[in-house]
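Please read this briefing alongside the sequence and the three-dimensional view. It moves through a few topics in turn, for a reader who is meeting this structure for the first time.

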Amino acid sequence: MSDNIPFELQERIIKRVLPVKSLIRFRSVSKQWKSLIDSPEFIADHTVNPAQPQHLLVKYIVDSNDDSLPHDNSSLIVPPTIIDRIFSILDCSHGLVCLYGDFRGPVSRSKMTVLWNPSIRKSVGIVIPNEFVVLGFGVCPKTSDPKIVAIKNGNRIDSKAVVFTLSSGAWRSITTNLHLPLNSMHLSRKPVVIDGVIHWIAFDNLPRWIISFDLTSEEFGEVELPDSLAHAANLSISNFKGSLSVLIYKEAAVVCDVWTMIKTGDPMTRFTTASFKRESERIIRFMKNGQMITEHICMRPRNFPVTTLEVYDSYSEHRNYLRVSGFFDPHIMKTSYTESLLLLNHSVSIIYDDRDST
């Protein structure tokens with residue numbers, strides 16, 4: 001970049017315009033540029049830039065003997081093999097993908113999360129304290145510090161939880177401070193993080209609630225649902241254009257009502273209804289323009305259940321096949337992420353729990 005352009009202006013340009021791969025290369029231009037790009041302030045500002053492109057991340061397994069399945073998609077490049085098997089993609093926040101699976105440690109097996117930045121191909125593994133099996137992940141919007149919260153599933157309301165912050169590299173205990181009218185509480189294993197708040201579905205048969213965890217205040221909260229949602233059996237939560245949404249499948253799962261909470265604290269309102277002409281079709285993601293990414297399960301030759309991904313417009317009912325097919329869950333795992341520089345200054349490592357979590 002020309003020496004005639006003030007460095008402050010250069011900083012604003014590269015922060016708003018350049019993709020992550022270009023920024024990584026530009027670190028070798030000069031010591032001044034490397035110091036700028038590596039600085040926590042630049043990384044934080046770049047991470048919250050709304051102009052960053054969004055990518056759909058998919059891990060799947062195809063049958064090499066089945067010519068009806070596409071093979072022109074690049075496979076997911078997984079982080080270093082510190083996980084014996086990746087069971088699931090927990091969630092994604094600020095360009096970091098959180099993976100969850102088994103880990104064979106020096107003494108015994110345990111659970112582990114891996115915070116992975118696909119844009120810069122860096123990852124950090126965090127061993128989960130024993131007995132804490134319900135997880136949530138997100139990046140604190142105020143500090144840009146990645147956090148993991150772990151809860152004991154099925155415990156009483158006054159159960160304890162633990163939280164991990166990457167900046168400290170340690171777990172610490174917190175209280176749930178919940179006041180739900182339930183004798184016991186089970187949480188869904190698939191959380192959704194929106195605007196710095198993690199959400200789970202909580203249930204003890206019916207009714208259902210939504211439990212939240214604020215990544216800034218580190219406090220739990222409750223989202224009360226209308227009766228029509230709280231007593232629905234086939235219910236899930238998602239992120240619809242930056243707002244918490246609730247999906248309810250009914251009529252043999254070929255109709256899905258989409259409810260949204262436009263602002264935190266507002267009541268849920270029904271936004272749209274999607275009608276599918278095929279059974280076993282589910283909404284897995286919403287795009288920025290409101291279109292849906294759906295998965296459809298069908299049977300292929302040799303009686304294998306295969307999942308395909310499509311972009312679906314509920315108004316025109318137009319479908320765009322994404323040319324991604326693979327064997328049925330748990331092999332297909334999907335999330336969306338934006339490019340970021342988080343973990344740039346972290347080495348690939350495993351962080352063990354050095355506290356007594358019993």
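**A sheet, its ring pair and a surface patch**

Four strands, in the order β15-β16-β17-β18, make up an open sheet whose pairing is antiparallel. Because β15 (235-240) and β18 (269-275) stand at the edges and each has a single partner strand, one side of each is left without a neighbour in the sheet. Neighbouring strands of this sheet are turned against each other by 30 degrees on average, with direction ignored. The model described here is predicted.

**Strand pairing**
- Strand β15 pairs with strand β16 (residues 243-250) in the antiparallel sense, and this pairing runs over six bridges.
- Within this part of the sheet, Ser236 stands opposite Leu247, which belongs to β16.

**Aromatic rings**
- The count of aromatic pairs comes to seven.
- In the pair of Phe240 and Phe271, the ring centres are 4.7 Å apart and the planes stand at 50 degrees, so the pair is tilted.
- This pair links distant parts of the chain, since Phe240 lies in strand β15 and Phe271 in strand β18, 31 residues apart.
- Phe240 is buried, with a relative accessible area of 7%, whereas Phe271 is partly exposed, with a relative accessible area of 42%.
- One aromatic cluster is formed by Trp200, Phe213 and Phe220.

**Nonpolar surface**
- Leu9, Ile13 and Val17 make a nonpolar surface patch of about 240 Å².
- Val17, which lies in helix α1 (residues 7-17), is exposed, with a relative accessible area of 60%.

Technical notes: Residues are numbered from 1 along each chain as its sequence is written. This is a predicted model: local features need pLDDT of at least 70, side-chain atom pairs count only at pLDDT 80 or more; totals for chains, interfaces and linings use all residues. Side-chain values use heavy atoms; hydrogens and water are left out. Two strands pair if DSSP finds at least two bridges between them. Helices (H or I, at least four residues) and strands (E, at least two) are DSSP runs, numbered from the N terminus. Axes are lines fitted to C-alpha atoms, for helices over the stretch in contact, and angles run from 0 to 180 degrees between N-to-C directions. Patches are made of residues with over 30% relative accessible area and no salt bridge: like charges are joined within 9 Å, nonpolar side chains (Val, Leu, Ile, Met, Phe, Trp, Tyr) within 5 Å. Accessible areas come from the Shrake-Rupley method with a 1.4 Å probe; for residues, only the protein chains shown count as cover. A salt bridge is a side-chain nitrogen of Lys or Arg within 4 Å of a carboxyl oxygen of Asp or Glu. Buried means under 20% relative accessible area, exposed over 50%, partly exposed in between (1.4 Å probe, protein chains only). Rings of Phe, Tyr and Trp (its six-membered ring) pair if their centres lie within 6.5 Å; planes under 30 degrees apart count as stacked, over 60 as edge-to-face and the rest as tilted.
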